[in-house]
Amino acid sequence: MTAADSTTLPDASDVSASSTVLRMKKLKREGIIKSASQHNLRDNHAQLDRIDPTRTAQNVVLAGPSDAEGVNRRANALMAEAGVRKLRVDAVRALELLFSLPAGHAGASGGFFPACLQWARDKYGSEQILSAVVHLDERAPHMHVLVLPLCEGKMNGSRLMGNAAQLRAAHRAFHQQVGKRYGLRPPLGRLSAADRDRAFQMVLDELERRQDPLLRSPLRPQLIHWIRQAPELCFPTLGIELAPKAKKLRTMEKIFTSKGRGPKFEDPTK
């Protein structure tokens with residue numbers, strides 16, 4: 001992996017329009033920080049098929065140690081310094097943020113990911129950022145950020161992550177402060193039934209086009225069921241997006257012969 005270089009924002013004309021993608025999840029169980037870091041830093045050898053090992057050297061560490069053991073030591077040191085001794089079995093050990101761009105997006109080589117990291121630092125505090133790693137060895141460029149959920153000397157992942165309303169507010173703030181600067185659209189809201197069906201078919205078509213092994217897996221029915229529930233979550237990885245459905249235009253004949261929607265003002269008896 002290479003050290004992070006200083007970068008500048010690209011012109012808006014260089015950035016293709018796409019949806020802002022920010023995902024957050026809680027990491028639980030003992031040892032999860034180390035195992036997550038092993039994946040993020042490519043420390044382990046059992047990597048996913050979607051990783052291109054010839055491009056792994058292009059990945060960039062923007063914050064934190066360059067090895068999983070170092071990230072784990074940093075988390076333990078911060079907890080010890082705060083007086084945190086023992087955690088519950090189901091305690092949240094870290095929050096993982098995933099900032100993603102569609103394949104080929106100009107922001108991947110510009111300042112998008114450093115801007116995402118600065119947003120995370122402003123929101124959670126620089127000291128609590130354990131690691132930030134940009135992955136360029138998969139189809140969709142993205143960045144994993146690990147955050148230690150240390151709040152007023154206590155580990156509190158639920159408080160740091162927030163409730164549903166706070167999460168929606170965080171997504172809106174991220175789009176306004178970062179995504180919008182790169183020509184990205186606001187994140188997708190709740191899809192209509194018709195759009196969900198359209199998105200689901202787009203995902204299946206793309207998987208068929210790639211002849212993805214998922215379609216031949218014995219778990220295919222369960223995976224297809226999961227995709228049907230939230231097909232839009234597959235878009236960043238597959239490098240596709242749901243374009244707004246074009247409105248059906250009326251012909252000139254229909255416009256001139258239309259009776260309109262309001263009341264008739266002409267009295268046909270006069």
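This is a predicted model: local features need pLDDT of at least 70, side-chain atom pairs count only at pLDDT 80 or more; totals for chains, interfaces and linings use all residues.
**Exercise 1.** Classify the pair formed by the rings of phenylalanine 112 and phenylalanine 113.

*Solution.* Let's begin with the search of the whole structure, which finds five aromatic pairs. A pair of aromatic rings is described by the distance of the centres and the angle of the planes. For phenylalanine 112 and phenylalanine 113, the centres are 5.2 Å apart and the planes stand at 70 degrees. Planes over 60 degrees apart count as edge-to-face, so this pair is edge-to-face.

**Exercise 2.** Decide whether phenylalanine 112 and phenylalanine 113 are buried or exposed.

*Solution.* Buried means under 20% relative accessible area. Phenylalanine 112 has 1% relative accessibility, so it counts as buried. Phenylalanine 113, at 2%, therefore counts as buried too.

**Exercise 3.** Describe the pair of phenylalanine 112 and tyrosine 182, and locate both residues.

*Solution.* First the geometry: the centres lie 5.4 Å apart, with 85 degrees between the planes, and the pair is edge-to-face. Next the location: phenylalanine 112 belongs to helix H3 (residues 112-124), while tyrosine 182 sits in the loop between helix H5 (164-177) and helix H6 (193-210). The two residues are 70 apart, and their pair links distant parts of the chain. Finally, tyrosine 182 has 1% relative accessibility, so it counts as buried.

**Exercise 4.** Find which residue lies over the face of phenylalanine 200.

*Solution.* Look above the ring: arginine 228 lies over its face, at 4.0 Å from the ring centre.

Technical notes
Residues are numbered from 1 along each chain as its sequence is written. Side-chain values use heavy atoms; hydrogens and water are left out. Rings of Phe, Tyr and Trp (its six-membered ring) pair if their centres lie within 6.5 Å; planes under 30 degrees apart count as stacked, over 60 as edge-to-face and the rest as tilted. Buried means under 20% relative accessible area, exposed over 50%, partly exposed in between (1.4 Å probe, protein chains only). Helices (H or I, at least four residues) and strands (E, at least two) are DSSP runs, numbered from the N terminus. A charge sits over a ring if NZ of Lys or CZ of Arg is within 6 Å of the ring centre and within 35 degrees of the ring normal.
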